Amino acid sequence: MDPLSRRIINGLQTGFPLTLTPFAQAGANLDLTEESLIQTIQKLLEEGLLSRFGPLYNAERMGGGLTLAALAVPADRDFEQVAEVVNAFPQVAHNYARDHTLNMWFVVATETPIELTNTLAEIENRTGLAVFNLPKLTEYRLGFQVGLDEQGGIDTVPLPERPPAKNPGLPDEIDLKIIRATQGGLPLVVDPYHQIARTIGMEVEALIERLKGMLEKTWIRRIGVVPNHYRLGLKANGMSVWILPEERIDALGKQIGALGFVSHCYRRPQRLPEWPYNLFVMVHGQEREVVTARVEEISTLLGAHDRGHQILYSSRILKKTGLRFG
């Protein structure tokens with residue numbers, strides 16, 4: 001990768017400016033002109049090295065519904081046809097094929113909790129398959145940055161900690177207009193917030209203040225470039241799942257979530273007898289051997305508390321669009 005692209009990916013995963021001339025400010029921080037910055041982001045998007053560019057919204061913090069769900073698509077069913085049915089739901093933000101009997105895993109994000117319930121029921125109805133609903137019960141780590149070095153190496157870098165807002169409230173109609181206008185990404189023009197404000201019919205200064213408020217309320221996780229870690233080289237995507245004693249899971253989850261190579265760590269419900277696991281830990285690496293070694297490091301840390309674990313590797317990305325409201 002050329003040094004310019006690497007600098008932009010490393011430097012713009014968080015903290016894209018909320019100002020009247022954001023590309024000029026971001027470019028100055030990276031020793032680039034705003035035109036060069038815009039052109040390079042556009043190129044990286046076209047090449048698939050970036051998944052998107054803009055704000056990442058948090059459905060839960062806005063009072064919506066969010067869950068991880070799975071299907072066991074049997075061998076006698078057309079896997080691609082089932083994926084097409086699931087992916088047709090705009091509420092499905094991500095979908096992965098994984099090496100397991102439960103071989104299709106997808107994230108559903110909705111504007112309201114009841115819409116989440118209805119969406120899962122409709123997926124069951126349209127596919128004719130039972131949906132395993134595995135909502136997050138406790139969060140111990142969420143998210144990571146991709147770190148690229150000059151020798152072509154890549155790894156995960158923990159995101160800065162952002163404590164959740166105590167009273168985030170709910171979006172009003174103006175907020176929802178902003179979310180719908182930006183959830184697909186920011187326009188690659190010198191004045192993106194002006195363009196969005198004109199589309200919505202509001203003053204640009206008011207739009208920027210609203211976006212700042214969404215960040216403070218943690219409705220927005222971050223604003224910036226979203227790398228495609230598969231295309232960049234993190235091809236081993238291991239969802240490790242663990243059986244831990246319930247009375248120890250919070251303390252152990254916090255320990256595991258603090259490990260630098262862990263990108264996501266959640267407590268989720270068991271679905272016995274088919275699914276006995278209650279802790280989910282995402283680990284990424286350039287090769288499966290790296291992920292296996294890191295999972296073994298977790299097992300060593302857990303000691304006798306590890307009552308069984310497994311790694312579900314993703315074999316394919318079936319869909320990756322992010323949250324979509326309305």
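Which residues form one aromatic cluster? In this predicted model, the cluster consists of Trp105, Trp275, Tyr277 and Phe280. Across the structure, the count of aromatic pairs comes to 8. One of these pairs joins Phe16 and Phe53, whose ring centres lie 5.0 Å apart with the planes at 85°, so the arrangement is edge-to-face; the cut-off for that class is an angle over 60 degrees. Phe16 sits in the loop between helix H1 (3-11) and helix H2 (22-29), while Phe53 belongs to strand S1 (residues 50-57), so the pair ties together parts of the chain that are 37 residues apart in sequence. Phe16 counts as buried, at 3% relative accessibility, and Phe53 is likewise buried, with a relative accessible area of 3%.

Two members of the aromatic cluster, Trp105 and Phe280, turn up again among the contacts of Leu68. Leu68 is placed in strand S2 (residues 65-71) and counts as buried, with a relative accessibility of 9%; the limit for this class is under 20%. Leaving aside residues up to four places away in sequence, Leu68 touches Trp105, Phe106, Val107, Phe132, Asn133, Leu134, Pro135, Met239, Arg268 and Phe280.

Helix packing can be followed at two places. In one, H1 and helix H3 (residues 34-46) pack with their axes 10 Å apart and at an angle of about 90°. That angle makes H1 roughly perpendicular to H3. On the H1 side the contact involves Leu4, Ser5, Ile8 and Ile9, which meet Ser36, Leu37, Thr40, Ile41, Lys43 and Leu44 of H3. By class, the residues of this contact divide into 6 nonpolar, 3 polar and 1 charged.

The other place brings together helix H4 (residues 79-87) and helix H5 (residues 113-127), with axes that come within 10 Å and cross at roughly 150°. H4 is therefore roughly antiparallel to H5, as angles over 145 degrees fall in that class. The crossing of H4 past H5 is right-handed. Here Val82, Val85 and Val86 of H4 meet Ile123, Arg126 and Thr127 of H5. The contact of H4 with H5 has 4 nonpolar, 1 polar and 1 charged residues.

Some points of backbone geometry in the loops also deserve a look. The peptide bond leading from Leu272 to Pro273 is cis, and its omega is near 5°. Pro273 lies in the loop between strand S11 (262-267) and strand S12 (279-285).

Positive phi values in residues other than glycine occur at Asp31, where phi is near 60°, and at Thr218, where phi is near 65°. Asp31 is found in the loop between H2 and H3, whereas Thr218 has its place in the loop between helix H8 (204-216) and strand S9 (220-227).

Definitions and conventions: Residues numbered from 1 in each chain as written. Predicted model: local features only at pLDDT ≥ 70, side-chain atom pairs only at ≥ 80, totals over all residues. Heavy atoms only, no water. Axes fitted to C-alpha atoms, helices over the stretch in contact; angles between N-to-C directions. Helix = DSSP H or I, 4+ residues; strand = E, 2+ residues; numbered from the N terminus. Parallel < 35°, antiparallel > 145°, perpendicular 65-115°, else oblique. Left-handed = near helix turned anticlockwise from the far one by under 90°. Contact = heavy atoms within 4.5 Å. Nonpolar A, V, L, I, M, F, W, Y, C, P; charged D, E, K, R; others polar. Buried < 20%, exposed > 50% of the residue type's maximum accessible area, 1.4 Å probe, protein only. Phe/Tyr/Trp six-rings, centres within 6.5 Å; stacked < 30°, edge-to-face > 60°.
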